[in-house]
Amino acid sequence: MRREDIEAILAEIGELKCKSQKEVEEARVRFLGKKGEVTRLFEEFRTVAPELKREFGKTLNELKQTVTAKIEELRAAAGEGGAAEGPKEDLSMPGEPFELGSRHPVSIVREEIVGIFRKFGYDVAEGPEIEDDYHVFEALNFPPNHPARDMQDTFFVSTGHLNPLLLRTHTSSVQVRAMEKMDLPIRVVCPGRVFRNEAISARAHCIFHQIEGLYIDENVTFADLKQAILLFAREMFGPDTEIRMRPSFFPFTEPSAEVDVSCNICHGKGCNICKGTGWLEIMGCGMVDPNVLKASGIDPEKYSGFAFGMGLERIAMLKWRVNDLRHYFENDLRFLREFQTATEV
Ligand code: DAH
């Protein structure tokens with residue numbers, strides 16, 4: 001390595017002019033590239049006699065700094081016109097869109113059910129989630145201390161007085177509010193969230209959703225109830241769906257029934273979803289008990305009505321065969337994304 005070599009490069013670089021980014025890039029490769037002149041000097045440095053290393057090392061480093069600074073200066077001066085440089089991104093490209101969310105399966109089912117009943121002429125009503133004992137139990141014919149209250153384990157918000165506040169255990173409370181507020185005849189569905197003090201498992205949760213239905217008019221009969229449920233079931237589960245009603249008990253209806261729909265997976269042959277019976281339970285229903293009408297100021301001699309209530313998670317489970325209730329509340333994106341196409345339908 002000779003001092004003149006270094007000085008020659010310094011002289012040349014001092015004079016260097018570039019008209020475009022392309023020329024700057026060529027200059028950079030020529031001096032600083034892998035086989036560039038400066039790079040080559042660094043390789044030769046290995047052969048420099050030990051006593052000269054210190055001096056040459058310093059000069060070489062200064063050379064590299066000078067060349068690098070000069071190239072940067074030329075790059076800035078050459079503007080944006082060159083092919084080799086310019087912004088790397090295509091600024092005219094459209095931005096990345098936000099990922100669209102999808103509807104929650106419980107919302108999809110709720111909207112579908114509400115849509116069906118709207119077609120039948122029902123209104124939609126909502127009531128408070130924090131309710132009082134009167135609307136959740138008493139007005140629905142659960143007498144104080146009656147064991148029927150144990151059917152639903154309740155979260156109490158305040159206790160110790162006659163009408164304690166609690167988290168509603170069913171949407172039947174909205175029936176009562178509808179009867180208090182609305183003019184007759186009443187045709188209403190009431191979707192909402194309900195709460196029960198239950199241990200969380202695949203089959204039970206402390207939060208879930210129900211939809212309540214209520215129809216009150218003169219001369220409403222059990223035949224009307226049966227027809228309404230049949231029409232609903234066929235809209236919801238397909239035109240071949242059959243229903244059956246089994247006698248049951250609820251304090252607020254008399255008579256009461258539980259409704260099953262024919263299993264649309266095995267069509268009655270028996271499968272593991274319907275546990276071999278060919279039927280799937282979907283709701284409770286019945287004729288509104290005269291005591292319930294009376295409690296809300298409706299004359300049971302003149303008016304009669306039916307009511308029904310179903311669990312939305314249960315319907316969603318039947319629709320999509322989700323086998324664990326907890327999925328509905330954990331907001332795992334892998335689960336929620338499964339419903340993206342269901343939302344678009
Ligand atoms: N409230 C009941 C429950 O939570 C469901 C129900 C049954 C509602 C019968 C009704 C009905 O309106 O008539 O289990």
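In this predicted model, Ser-248 has Ser-256 of strand E7 as its bridge partner. The two strands concerned are E6, covering residues 243-250, and E7, covering residues 253-262, and seven bridges join them in the antiparallel sense. Two residues lie between E6 and E7, and the pair forms a hairpin.

The chain is divided into domain 1, residues 3-85, and domain 2, residues 105-344. Taken over C-alpha atoms, the centres of domain 1 and domain 2 are separated by 81 Å.

The largest nonpolar core contains 47 residues, and the members that touch the most others are Ile-113, Phe-232, Ile-282, Phe-306, Phe-308 and Met-310. Two or more residues of this core come from each of helix H5 (105-119), E5, helix H8 (222-237), E7, strand E8 (279-288), strand E9 (304-311), helix H10 (312-320) and helix H12 (333-336). With eight residues, H8 gives the most to this core. Another core, of 24 residues, lies apart from it; Val-136, Ala-178, Met-179 and Ile-186 are among its members.

Neighbours within four places in sequence aside, Met-310 is in contact with Ile-113, Phe-117, His-209, Gln-210, Ile-211, Phe-232, Ile-282, Met-283 and Ile-315.

One of these contacts, His-209, belongs to strand E5, which spans residues 207-217. His-209 counts as buried because its relative accessibility is 18%, and the cut-off for burial is under 20%. The side chain of His-209 is joined to that of Glu-313 by a polar contact of 2.6 Å. When residues up to four places away in sequence are not counted, His-209 touches Val-106, Gly-192, Arg-193, Met-310, Gly-311, Leu-312, Glu-313 and Phe-329.

Glu-313 leads on to helix H10, where Leu-312, Glu-313, Ile-315, Ala-316, Met-317 and Leu-318 are buried.

Definitions and conventions:
Residues numbered from 1 in each chain as written. Predicted model: local features only at pLDDT ≥ 70, side-chain atom pairs only at ≥ 80, totals over all residues. Heavy atoms only, no water. Domains from an automatic or database assignment. Pairing = 2+ DSSP bridges. Helix = DSSP H or I, 4+ residues; strand = E, 2+ residues; numbered from the N terminus. Buried < 20%, exposed > 50% of the residue type's maximum accessible area, 1.4 Å probe, protein only. Polar contact = N/O pair within 3.5 Å; in protein donor to acceptor, adjacent residues only side chain to side chain. Contact = heavy atoms within 4.5 Å. Core = buried A, V, L, I, M, F, W, Y, C linked by side-chain atoms within 4.5 Å.
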